[in-house]
Amino acid sequence: MERLQKLISQAGITSRRAAEELILNGRVTVNGTVVTELGSKADPAVDRIAVDGKPLQFSAKHLYILLNKPTGYITALKDSLGRPLVTDLLKGVEERVYPVGRLDYNTEGLLLLTNDGEWANHLMHPRHEVEKEYHVRVRGKVMEQQLKRMAGGVELEEGVTAPAIVRLVKGSDLNDWISVTIHEGRNRQVRRMCEAVSLSVVRLRRVRYGCLEIGVLKPGQFRYLTEAEVKGLLQPEPASQPEPQKVRKLQKPRSTAETGTTVGRPPALTPDKQTRKQPSRTKPGEAPRPRR
Ligand code: URA
């Protein structure tokens, strides 16, 4: 006998946490009877377990997929607004797979999908702290203070964020690119961290998940993980160290008496060229070098 939420996730329907919601919402039956208690157990060899009337099928074959999610797709398995689903992009994949965690509709980049509920649960469990790296294009120029605040933890509605690795990747006259590496998985976390320090996000792309990088996949393309990658993701990895912020400081505005003008535009930050271990050396919008 196993707990129902574990069986549902093992059958590749969804993660264990989402399976609990299915149970609480009365969508799960055992031998035709709706079960809404989270502690309930069943025996898949004997009991008929169904979600929304569909019997669970325990597939022996596990699939592990890395998709480069384009913007304009949602990571849910159905959408009441009829928007495109990430699973629509998996042409030729017959088995039902579901996303490991979520990316916003407007976020692009690395998304894992699987029908191995236990593997997905492991990766998503806060205890395992898998690092996720994002490249963020922000409106205008960033200031050292903003990066430092994000790195140290910012106050969000539900509490202060854990320390993050935040650095400037590429400066330009219009919009800077920054890299943000976090290990938490709060809803819209990177966007809210940026908002908290008054940075407006123009583009958000996940470029790394643990030891996996987005690679050469174009938006909408996917590939299967190798066995080594599947196992490698389960290994605890040494946490990346925050890099020293080697960036130009925002100069104090000089007075109009000194300059003859009003306060000038803050000088641009310069991308960090330090040689300490970096979680990724990818340039925004470019395919990264394979790690290892
Ligand atoms: N952080 C966000 O704000 N959005 C995502 O999609 C992922 C991380």
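Let me start with a term: a residue is buried when its relative accessible area is under 20%, exposed when over 50%, and partly exposed in between, with a 1.4 Å probe and protein chains only. Helices here are DSSP runs of H or I with at least four residues, strands are E runs of at least two, and both are numbered from the N terminus.

Now the ground rules. This is a predicted model, where local features need pLDDT of at least 70 and side-chain atom pairs count only at pLDDT 80 or more, while totals for chains, interfaces and linings use all residues. Residues are numbered from 1 along each chain as its sequence is written, and side-chain values use heavy atoms, with hydrogens and water left out.

Start with helix H5. Six of its eight residues are buried, so H5 is largely enclosed by the rest of the structure. The buried ones are Gln189, Val190, Arg191, Arg192, Met193 and Cys194. What covers them? Strands E10 (132–139), E11 (155–156), E14 (175–182) and E15 (201–209) are included, and so is helix H4 (144–152); contact means heavy atoms within 4.5 Å. Just after H5, Ser198 has a positive phi of about 60°.

H5 also matters for the ligand shell. Helix H5 (residues 189–196) supplies its largest share, three residues. The shell, meaning residues with a heavy atom within 4 Å, consists of Leu103, Asp104, Thr107, Tyr134, Arg188, Gln189, Val190, Arg191 and Leu204. By class, that is four nonpolar, two polar and three charged.

Next, polar contacts, which are N or O pairs within 3.5 Å. Asp104 places a polar side-chain atom 2.7 Å from a ligand nitrogen. Arg188 has a backbone N or O atom 3.2 Å from a ligand oxygen. A polar backbone atom of Arg191 is 2.9 Å from an oxygen atom of the ligand. How much of the ligand does the protein cover? Of the 240 Å² of accessible area that the ligand has on its own, 96%; the areas are Shrake-Rupley values with a 1.4 Å probe.

Over to the sheet. Strands E3, E2, E5 and E6 form an open sheet in that order, with antiparallel pairing. Strands E3 (33–34) and E6 (54–55) are at the edges, each with a single partner strand, so one side of each has no neighbour in the sheet. Pairing takes at least two DSSP bridges. Strands E2 (residues 28–30) and E5 (residues 49–51) are joined by three. In E5, Val51 is the bridge partner of Val28.

Last, a loop residue. Thr14 sits between helix H1 (4–10) and helix H2 (16–24). Buried or exposed? Thr14 counts as buried, at 14% relative accessibility.

Methods:
Polar contact = N/O pair within 3.5 Å; in protein donor to acceptor, adjacent residues only side chain to side chain. Nonpolar A, V, L, I, M, F, W, Y, C, P; charged D, E, K, R; others polar.
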